[in-house]
Amino acid sequence: MEEWSPRADKEIGPLSGALVVDLSRALAGPHATMMMADLGARVIKVEPPGTGDDTRTWGPPFVGSGEARVATYFLAANRNKESLQLDLKRQEDFQTLCALIRRADVLVENYRPGVLDRLGLTASTLETLNPGLVVLSISGFGHDGPEGGRAGYDQIAQGESGLMSLTGPSSDQPTRIGVPIGDILAGLNGAVGVLAALVARARTGRGMVVRTSLLAGLVGAHAFQGTRWTVAHEVPRSSGNQHPQIAPYGAFRCADGQLQIAVGSQPQWRRFAGLVGLDPDDPRFADNAGRAQNRAELTSVIERVFRRKTRTQWLADLAEAGIPAGAIRTLDEVYEWDQTRSQGLVITVDHVTAGKIELPGPALRLESFDGTPAGRANHEPPPLLGADAVRIREWLAGQTSSREEVG
């Protein structure tokens with residue numbers, strides 16, 4: 001790992017000093033590289049000239065105006081990065097990329113399978129350029145197999161992976177999850193794979209290729225729903241806002257809206273039953289199997305009692321009884337919630353054109369055993385297109401390499 005940036009003194013975290021070359025666009029790859037940047041890595045985002053990452057225009061909403069405006073979609077996945085424009089079909093720009101790869105610890109791409117090869121960056125070429133390089137390659141449906149060449153878009157992958165069949169109000173209304181969960185999971189899995197490969201490289205001195213896909217992330221997230229089919233040969237269907245195997249567990253109506261409860265054990269059931277005036281030993285509801293089988297009847301009884309009080313009143317009563325429960329918040333409520341902010345899940349950055357803006361923050365907090373923060377203290381805003389080209393090129397020009405240029 002090579003210290004190189006004028007901003008290196010600002011960088012702390014376990015990946016401090018690492019250089020990540022980010023050829024990815026949209027969300028899966030950028031989410032992975034943003035996680036690495038949050039952990040202290042220096043990430044250079046390589047973008048097509050003129051247009052940049054497609055998500056810069058995926059709006060509204062936008063911030064800024066005129067040529068300086070940028071979609072809030074782009075802002076969600078590109079904090080703590082630098083931007084360099086390269087046309088990889090031009091020999092000069094291709095050589096600039098090769099110079100970066102020689103110095104990089106990680107290269108990330110989410111082209112369709114085969115595109116990187118056609119650009120002249122086959123696996124053997126990358127290994128020649130940098131034997132210690134870790135390559136993260138993210139695809140839609142996998143890099144091989146009968147449908148490995150398909151383009152990957154989150155909603156399509158949600159449908160193909162079966163996730164939509166598990167989501168929604170009923171089995172005849174398959175519904176996508178409200179965030180691009182396939183992209184997010186692919187990025188998360190990719191980042192984990194990169195970290196494992198870097199640990200292995202510390203032992204062997206050799207890099208490797210890490211492959212994952214939207215399909216892999218979504219199928220890997222099936223959890224107990226997957227084993228309902230693979231082991232029990234039941235085809236799971238959507239159960240709306242009720243847990244398919246635990247009861248009572250889900251959303252319930254009260255006097256002024258809905259709240260959620262999670263009764264996940266027999267001691268919790270006995271306390272909950274007393275709270276709502278049910279006999280915990282009623283044969284219909286005495287164990288979880290009976291409660292799940294008689295879910296509709298149990299839900300009707302619970303909601304009849306819940307309608308006597310407001311959400312606030314019930315949440316207080318449930319908390320006192322030790323029953324896990326919670327409100328259903330809108331996003332404005334979430335980002336203004338003191339608990340969200342206490343966890344560093346909202347950060348403030350000073351964007352060049354938009355001014356001070358708030359962004360969703362990183363999901364990880366790093367601390368030493370004495371509680372001293374061990375992660376990034378200050379965050380950089382997502383970059384303007386090509387904003388860091390001059391200093392990156394100056395840095396490259398000042399370096400020497402014993403390897404020949406790849407042409």
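The legends below describe close-up views of a predicted model.

**View 1. An edge-to-face pair of tryptophan 58 and tyrosine 73.** The structure holds five aromatic pairs, and this view shows one of them, formed by tryptophan 58 and tyrosine 73. The ring centres are 5.1 Å apart and the planes stand at 85°, so the pair is edge-to-face; planes over 60 degrees apart are counted in that class.

**View 2. A tilted pair of tryptophan 269 and phenylalanine 272.** Here the ring centres lie 6.4 Å apart and the planes of tryptophan 269 and phenylalanine 272 are at 40°, so the pair is tilted. Both residues are part of helix α10 (residues 266–275), where three residues, about one turn of the helix, separate them. Tryptophan 269 and phenylalanine 272 are both buried. They are also members of one aromatic cluster, together with Phe252, Phe306 and Trp314.

**View 3. Arginine 69 over the face of phenylalanine 62.** The distance from arginine 69 to the ring centre of phenylalanine 62 is 3.7 Å.

**View 4. Arginine 150 over the face of phenylalanine 141.** In this arrangement, arginine 150 is placed 4.2 Å from the ring centre of phenylalanine 141.

**View 5. The crossing of helices α3 and α16.** Helix α3 covers residues 91–103 and helix α16 covers residues 389–397. Their axes come within 11 Å and cross at roughly 70°. Angles of 65 to 115 degrees count as roughly perpendicular, and α3 and α16 are therefore roughly perpendicular to each other. Their crossing is left-handed. On the α3 side, the contact is made by Asp93, Thr96, Ala99, Leu100 and Arg103. The α16 side contributes Ile392, Arg393, Trp395 and Leu396.

**View 6. Threonine 312 and alanine 255.** Threonine 312 is located in helix α13 (residues 311–321). Its relative accessible area is 61%, so threonine 312 is exposed; the exposed class begins over 50%. In sequence, threonine 312 and alanine 255 are 57 residues apart. In space, the two residues are 9.9 Å apart, C-alpha to C-alpha.

Technical notes. Residues numbered from 1 in each chain as written. Predicted model: local features only at pLDDT ≥ 70, side-chain atom pairs only at ≥ 80, totals over all residues. Heavy atoms only, no water. Phe/Tyr/Trp six-rings, centres within 6.5 Å; stacked < 30°, edge-to-face > 60°. Helix = DSSP H or I, 4+ residues; strand = E, 2+ residues; numbered from the N terminus. Buried < 20%, exposed > 50% of the residue type's maximum accessible area, 1.4 Å probe, protein only. Lys NZ or Arg CZ within 6 Å of the ring centre and 35° of its normal. Axes fitted to C-alpha atoms, helices over the stretch in contact; angles between N-to-C directions. Parallel < 35°, antiparallel > 145°, perpendicular 65-115°, else oblique. Left-handed = near helix turned anticlockwise from the far one by under 90°. Contact = heavy atoms within 4.5 Å.
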